[in-house]
Amino acid sequence: MAAKTGKKTDRKGPVPYRAAAGEIGAGDIKAVYLLYGDEGYLQDRFIAKLRDAWLGGDTGGGDWSREDGRGMTQAQAVDLAGQMTLFSDRKLLVIDEPAFIPAGKEQGKGSGEAPGVDGPPMEEAGGETGAEGAPRQRHKSVPQPELPLVAYLEQPAAGACLVLRCPKGKPDRRHKLVAAIAGAGGLVEAAALDPGDRLPYLKEALQQTGKQCARGVLEKISRQPGSLAFCVRELEKAAAYAGEESEITEEMADAVLTPSLESNIFRLVDALGQRREARALQELRALLDNGEPPFSIFAMMLRQYRLIFRAKACLQAGMGRTQIAQTLKVLPFAADNAAAQSKYYSFPELENAMELFCDKDLAMKSGIPYRQALEDLIIALRH
């Protein structure tokens with residue numbers, strides 16, 4: 001069973017999820033964690049890893065509890081962390097949405113202090129007269145009482161591990177408590193993942209379903225809009241749809257995946273590049289029948305062709321994957337898609353495509369029925 005090191009880290013910034021999970025696996029478990037980030041799936045995994053390492057999993061001999069932190073104070077959190085049972089010498093306490101963790105500047109207002117933060121604000125006092133004759137405001141710092149959790153960090157309860165879980169937004173790292181947790185190495189960020197970075201987690205989820213599938217199917221699922229948790233649910237849907245079959249095919253995945261405009265536009269453009277006009281028209285009609293706005297479809301098609309054009313130029317200039325993504329200002333997987341599709345087109349064909357988009361844009365704004373204009377565009381792009 002893992003043991004705390006008690007080692008001071010003096011970090012200032014957050015620890016990425018993967019690095020923090022690695023520390024847990026190596027037995028370096030902090031007394032207090034502040035867990036935040038957009039990937040709730042990774043937050044849940046982090047807590048599960050802590051539970052396995054610190055308490056020995058579901059069958060371990062430790063004490064495990066979870067509390068609602070809305071309306072809770074730091075003093076109450078410290079009290080809960082220190083309440084050990086008679087039957088265990090180890091405890092894992094998770095406090096969800098702790099009210100005393102201040103939101104970052106983008107979520108909160110002013111200095112970043114939030115309701116529920118212990119300690120008085122700065123006090124404003126009158127002062128000298130300014131150059132224009134108006135009173136100049138001076139701010140003097142009122143000594144704050146020691147924040148309970150900051151003091152707790154110096155001498156945590158023996159055998160206790162406390163996790164403060166913030167499922168939304170970023171904490172204000174200027175605040176004394178957040179800074180203290182960061183300094184102790186317990187500020188952990190489960191940041192949103194690029195679709196390519198989701199693949200290792202989807203592979204693990206696939207193993208749990210007992211199914212197999214080609215890498216291309218996993219990549220398609222990883223490109224689904226939303227979070228990693230949503231992608232895992234989509235994978236589980238595909239596995240359930242496969243029934244007794246041992247492999248999830250692309251057709252099975254297509255049958256259950258939640259449709260998105262971006263993924264459908266990619267398939268439409270891919271069909272055009274492969275000179276599969278009927279498939280491209282089928283994708284277009286499905287989008288229109290599902291209620292997608294025609295101008296949104298047109299704009300996404302134009303965007304994809306522009307990316308293809310620019311990706312082809314980048315490839316001709318000898319750029320690599322990362323450089324292409326940076327030049328196009330898109331995520332790496334989107335750059336990969338555009339680069340792959342660029343092989344279907346010559347530069348003259350792409351130049352002609354841009355002219356066709358201009359013509360159809362004018363036609364749609366001149367009153368030609370949207371469906372007819374989009375179908376004519378696809379037929380023209382095919383040739």
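## Contacts and overall make-up

Among the contacts in the chain with a separation of 6 or more, 73% come from residues 24 or more positions apart; contact here means heavy atoms within 4.5 Å. This is a predicted model, where local features need pLDDT of at least 70 and side-chain atom pairs count only at pLDDT 80 or more, while totals for chains, interfaces and linings use all residues. Residues are numbered from 1 along each chain as its sequence is written, and side-chain values use heavy atoms, with hydrogens and water left out.

The chain's secondary structure comes to 16 helices and 10 strands. Both are DSSP runs numbered from the N terminus: H or I over at least four residues for helices, E over at least two for strands. Of the 383 residues, 44% count as buried, meaning under 20% relative accessible area with a 1.4 Å probe, protein chains only.

## The sheet

Six strands make an open, parallel sheet, in the order β1-β8-β2-β7-β4-β3. Strands pair if DSSP finds at least two bridges between them. At the edges stand β1 (15-16) and β3 (63-68), each with a single partner strand, so one side of each has no neighbour in the sheet.

Helix α2 (residues 40-55) packs on this sheet and touches β2 (32-36), β3, β4, β7 and β8 (187-189); its direction makes about 175° with that of β7. Helix α3 (residues 74-82) also packs on the sheet, touching β3, β4 and β7, at about 155° to the direction of β4. For these angles, axes are lines fitted to C-alpha atoms (for helices, over the stretch in contact), and angles run from 0 to 180 degrees between N-to-C directions.

## A closer look at β4

Strand β4 (residues 91-96) is joined by six bridges to β7 (residues 160-166), running parallel, and Asp 96 sits opposite Arg 165 in β7. Six bridges also join β4 to β3, again parallel, with Ser 65 opposite Leu 93 in β4.

Both faces of β4 are covered: Lys 91, Leu 93 and Ile 95 are buried on one side, and Leu 92, Val 94 and Asp 96 on the other.

## Helix α6

The buried residues of α6 (residues 195-209) are Pro 195, Arg 198, Leu 199, Tyr 201, Leu 202, Ala 205 and Leu 206. There's a kink of about 30° centred on Tyr 201; the bend is the angle between axes fitted to the seven residues ending there and the seven starting there.

Just after α6, Gly 210 takes a positive phi of about 80°.

Terms used: Expected span 1.5 Å × (residues − 1). Buried < 20%, exposed > 50% of the residue type's maximum accessible area, 1.4 Å probe, protein only.
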